[in-house]
Amino acid sequence: MNKLFFVLLIIILGSCNQNKFSQGERIYIKLCSNCHMPDGSGLKNLIPSLKNSIPTYSIAEQVCIIKNGVNADSLGLAMKVMPSFDDIKPVELTNLINYLNSTWNNSFEESNLQGIILVFANCK
Amino acid sequence: MYKYFILIIFLSFLSCSEDKNPLPYLGNEVEIEGKIVKHTIKDFSFLDQDSSIINNTSLSKNIYIADFFFTSCPSICPKVTKEMLKIYDEFKDIKSVKLVSFTLDPKRDTPERLKLYSTNLDITNDTWLFLTGDKEQTYDLANQFFVVAMEDKEAPGGIAHSGTIVLVDKEGHVRSFADGTDPSSTPRLISDVKKLLKEYE
């Protein structure tokens, strides 16, 4: 009986920590959710839904979009830009990329810090 | 069991009586030429996204739901617009209801840009008006809607403002409002719109 209780306790504690990328989620809430919405649904044609757009970009493309922002004028949108976040810390960016892709990309592979730093430095 | 029964009866009375309460008139009454007058939105005149003139007279056939925004707003505007969209979806086919979004950045937000913005939002009829006009008039008007708006270099996009969504009746009185940045406050505003519509039946 005691053992069973112990096992249950471990399972419960484990389930609390289910989202590995909760740090990335916090950065998402802080930097992205005002426009892309907390659930990533965006705003009609004005702001892309991340569910639809994340799978269409490679990790490198995502990193550079976050770094440089997007000039939305070129897309025929009334919202002027997605702002650039070029002062984001590499650790934050890695957590954010992992959160975005674990949430909205079915073919998710975890990115590591070194890889993200390299891509970030090589954005045009 | 009996206790629960009493409780339920009591609760249902509460919920019924709440529904019968008319919407309040918000804002201070003022004395004009010896008469006590309710807070009323002053006369205004703006251009909508189709460059038509919209003023108090053209809106007086409608109750309307107003907010203040600007198209390049990087902070709270998209969230508020999302809530306005929910309200639009609820009332888009009801002729006596309008949604009115005033831009706080009239210099950049021309009727053409507002047209593009509304097209991007899939707004296809004239239920939702996006208005641009004189800047001073807009900021003064915002205060009458109890919306805080001011130019502030420190604020994102250069304009600090609150995301309040305001319900105005056909006579220009403010009757209800919601916090556009808090999605949980929108259903109450929608039910207040329905309540206000009943006043005119």
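I'll start with strand E10 of chain B, residues 164-168: five of its five residues are buried, so the strand is largely enclosed by the rest of the structure. Before going on, note that this is a predicted model.

The burial of E10(B) involves both of its faces. On one side sit B:Thr164, B:Val166 and B:Val168, on the other B:Ile165 and B:Leu167, and all of these are buried.

What lies alongside E10(B)? Strand E5 of chain B, residues 63-69, runs antiparallel to E10(B) and is joined to it by three bridges. Within that pairing, B:Ile65 has B:Leu167 as its bridge partner. Strand E11 of chain B, residues 174-179, also pairs with E10(B) in the antiparallel sense, over five bridges. There, B:Leu167 stands opposite B:Ser176. So much for the pairing; now the connection. E10(B) and E11(B) make a hairpin, with five residues between the two strands. In the turn, B:Gly172 has a positive phi of about 85°.

Which residues have the most contacts inside the largest nonpolar core? The core has 51 residues, and the ones in question are B:Ile65, B:Ala66, B:Leu99, B:Ile165, B:Val166, B:Leu167 and B:Val168. Take B:Val166 as an example. Leaving aside residues up to four places away in sequence, B:Val166 touches B:Ala66, B:Phe145, B:Phe146, B:Val174 and B:Phe177. There is also a second, separate core, this one of 13 residues, including A:Phe21, A:Leu96, A:Tyr99 and A:Val119. In soluble globular proteins, nonpolar side chains tend to be buried together.

Some overall figures for chain B. The chain has six helices and 11 strands. Its C-alpha atoms fill a box of roughly 65 × 45 × 35 Å along the principal axes. Of its 201 residues, 36% count as buried. Among contacts in chain B between residues at least 6 apart in sequence, 66% join residues at least 24 apart.

One residue towards the end of chain B: is B:Tyr200 buried or exposed? B:Tyr200 follows helix H6 of chain B, residues 186-199. With 9 other C-beta atoms within 10 Å, B:Tyr200 is exposed. B:Tyr200 and B:Ser96 are 104 residues apart in sequence, while their C-alpha atoms are 9.9 Å apart in space.

On to chain A. This chain has seven helices and two strands, and from the N terminus its elements run α-α-α-α-α-β-β-α-α. Chain A has 124 residues, of which 25% count as buried. For contacts in chain A with a separation of 6 or more, 54% come from residues 24 or more positions apart.

The helix pair to look at here is H6, residues 90-104, and H7, residues 113-121, both of chain A. They pack at an angle of about 105°, with their axes 9 Å apart. H6(A) and H7(A) are therefore roughly perpendicular to each other. From H6(A), the contact uses A:Pro90, A:Val91, A:Leu93, A:Thr94 and A:Ile97. From H7(A), it uses A:Leu113, A:Ile116, A:Ile117 and A:Phe120. By class, the residues of this contact are eight nonpolar, one polar and no charged.

Last, the interface. How many residues of each chain are in contact with the other? The figures are 13 residues of chain A and 15 residues of chain B. The side of chain A that touches chain B consists of nine nonpolar, two polar and two charged residues.

To close where I began: E10(B) is buried on both faces, and it pairs with E5(B) and with E11(B).

Note on methods: Residues are numbered from 1 along each chain as its sequence is written. Chains are lettered from A and ligands numbered from 1 in the order in which they are written. This is a predicted model: local features need pLDDT of at least 70, side-chain atom pairs count only at pLDDT 80 or more; totals for chains, interfaces and linings use all residues. A nonpolar core is a set of buried Ala, Val, Leu, Ile, Met, Phe, Trp, Tyr and Cys residues joined through C-beta atoms within 7 Å. A residue is buried if 20 or more other C-beta atoms lie within 10 Å of its own, exposed if 12 or fewer, and partly exposed in between; C-beta atoms are placed from the backbone. Two residues are in contact if their C-beta atoms, placed from the backbone, lie within 7 Å. Ala, Val, Leu, Ile, Met, Phe, Trp, Tyr, Cys and Pro count as nonpolar, Asp, Glu, Lys and Arg as charged, and the others, Gly among them, as polar. Helices (H or I, at least four residues) and strands (E, at least two) are DSSP runs, numbered from the N terminus. Two strands pair if DSSP finds at least two bridges between them. Axes are lines fitted to C-alpha atoms, for helices over the stretch in contact, and angles run from 0 to 180 degrees between N-to-C directions. Angles under 35 degrees count as roughly parallel, over 145 as roughly antiparallel, 65 to 115 as roughly perpendicular and the rest as oblique.
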